[in-house]
Amino acid sequence: MDRTYNFNPGPAALPLEVLEQGRDSFMEYGGQGMSLMEMSHRSKPVERMIAETEELLLELIGLADAGYRVLFMSGGASAQFALAAMNLLTAGKSGRYVLSGGFSEKAYEEALSVGEAEVLASGKSHGWARLPDVDAALPGLTAADTAYVHLTTNNTIEGSQFRRFPDTGAIPLIGDMTSDILSRELDWKRFAMFYAGAQKNLGPAGVTAVVIREDLLAASAGAKLPAIFRYATYAANNSLYNTPPVHSIYMMKLMLEWTARQGGVAAMEARSAEKAALLYEAIDASGGFYGGIVERPYRSSMNATWRLSDESLERTFLQEAQAAGFAGLAGHRSVGGIRASIYNGVPVEACRALAGFMHDFRKRRG
Ligand SMILES: *Cc1c(COP(=O)(O)O)cnc(C)c1O
């Protein structure tokens with residue numbers, strides 16, 4: 001089968017192996033004479049599948065038996081912008097937001113609709129080309145006045161990524177990891193909660209993984225909220241309080257198993273570094289023909305963004321790239337330029353081919 005080099009920002013490329021496994025179990029699952037999609041969500045096979053997916057995710061990040069749960073929720077990462085505040089933004093405290101790009105702003109705006117929220121640090125005045133210094137903003141904050149600190153670990157639209165994470169002590173740190181979860185090793189325990197819409201590194205769209213420490217669950221149990229919006233409800237019912245997106249969770253399970261087979265998060269990190277290096281080298285060795293949008297120390301290993309020095313050539317670049325079999329390279333409408341999203345499911349080969357195309361295009365047009 002002829003697969004396009006897929007650089008879509010999300011939903012994004014999935015490994016062929018994962019698609020094939022999904023296909024093979026599409027009609028019939030576990031000797032039940034029916035597909036997973038036709039089974040009661042309260043049946044043993046579905047309960048088991050969901051429990052295994054939770055275990056697998058925690059194992060991949062070394063948080064099994066570390067006091068964390070995984071909740072499978074709907075509404076995407078965007079729902080978490082609101083739900084995190086609804087569950088955890090207690091009266092008399094502020095949610096402190098690190099602004100590093102468009103998605104972080106959305107999270108902040110949703111929190112403002114729920115309660116007290118403040119900007120802790122922002123990279124906006126630099127046009128999001130660099131990340132704000134979070135450590136410098138922390139002194140003086142206490143758990144008495146701060147409900148949590150919210151940080152977007154990878155800025156999908158702009159193409160920047162945090163390398164270090166603040167030590168917020170007793171203040172819970174919440175991470176939107178939608179576009180870089182499982183792409184690198186990190187001190188996951190720094191985060192009291194992190195969430196990721198599945199459609200970038202975890203599988204197809206339709207489900208969001210929320211990894212949350214048990215003490216935050218206890219806090220959410222007391223939140224004055226409808227049960228369906230409480231994290232504690234999902235934890236107490238193993239994400240089966242209402243009918244969950246069973247097929248999406250199953251595809252996530254296949255993606256997690258694939259990740260483990262590749263060698264886990266460490267292998268994903270090595271591969272991401274290799275893929276990102278191919279593209280950034282093509283940019284940096286272009287004598288200014290291409291220029292990165294984000295300053296070098298902040299560049300993302302998941303979303304590489306760049307411009308052509310002659311911006312009128314960008315349309316041609318995108319058209320020729322499309323014709324040559326590269327999909328999804330247009331920058332986000334708010335940024336423009338070019339963006340290559342190189343999530344875990346994107347093979348190294350795709351990046352090598354794109355780097356080759358970039359060199360070739362420059363020779364022809366430079
Ligand atoms: C894609 C993305 C979102 C939005 O996710 P939805 O599932 O569409 O709500 C939020 N945050 C980040 C960092 C993203 O990459």
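How far apart are the mean positions of the positive and negative charges of the protein? In this predicted model, the mean positions of the 35 positive and 40 negative charges are 2 Å apart.

The protein has 10 helices and 14 strands. Its radius of gyration is 21 Å, close to the 21 Å given by the globule rule for 366 residues, so the protein is as compact as a globular protein of that length. Along the principal axes, the C-alpha atoms fill a box of roughly 65 × 60 × 30 Å. Of the 366 residues, 56% are buried. The protein exposes about 15100 Å², and carbon and sulfur atoms supply 50% of that area. Among contacts between residues at least 6 apart in sequence, 66% join residues at least 24 apart.

A search of the whole structure finds 17 aromatic pairs.

Tyr 29 counts as buried at 15% relative accessibility, as does Tyr 250 at 8%.

The other pair links strand E13 (residues 326-327), which holds Phe 326, to helix H10 (residues 348-365), which holds Phe 357; the two residues are 31 residues apart. Phe 326 is buried, with a relative accessible area of 6%, and Phe 357 is buried at 9%. Both belong to one aromatic cluster, whose members also include Tyr 5, Phe 7, Trp 306 and Phe 361.

Terms used
Residues numbered from 1 in each chain as written. Predicted model: local features only at pLDDT ≥ 70, side-chain atom pairs only at ≥ 80, totals over all residues. Heavy atoms only, no water. Helix = DSSP H or I, 4+ residues; strand = E, 2+ residues; numbered from the N terminus. Rg over C-alpha atoms; globule rule 2.2 N^0.38 Å. Buried < 20%, exposed > 50% of the residue type's maximum accessible area, 1.4 Å probe, protein only. Contact = heavy atoms within 4.5 Å. Areas by Shrake-Rupley, 256 points an atom, 1.4 Å probe, with all protein chains shown as cover. Lys, Arg positive; Asp, Glu negative; His and termini not counted. Charge placed at Lys NZ, Arg CZ, Asp CG, Glu CD. Phe/Tyr/Trp six-rings, centres within 6.5 Å; stacked < 30°, edge-to-face > 60°.
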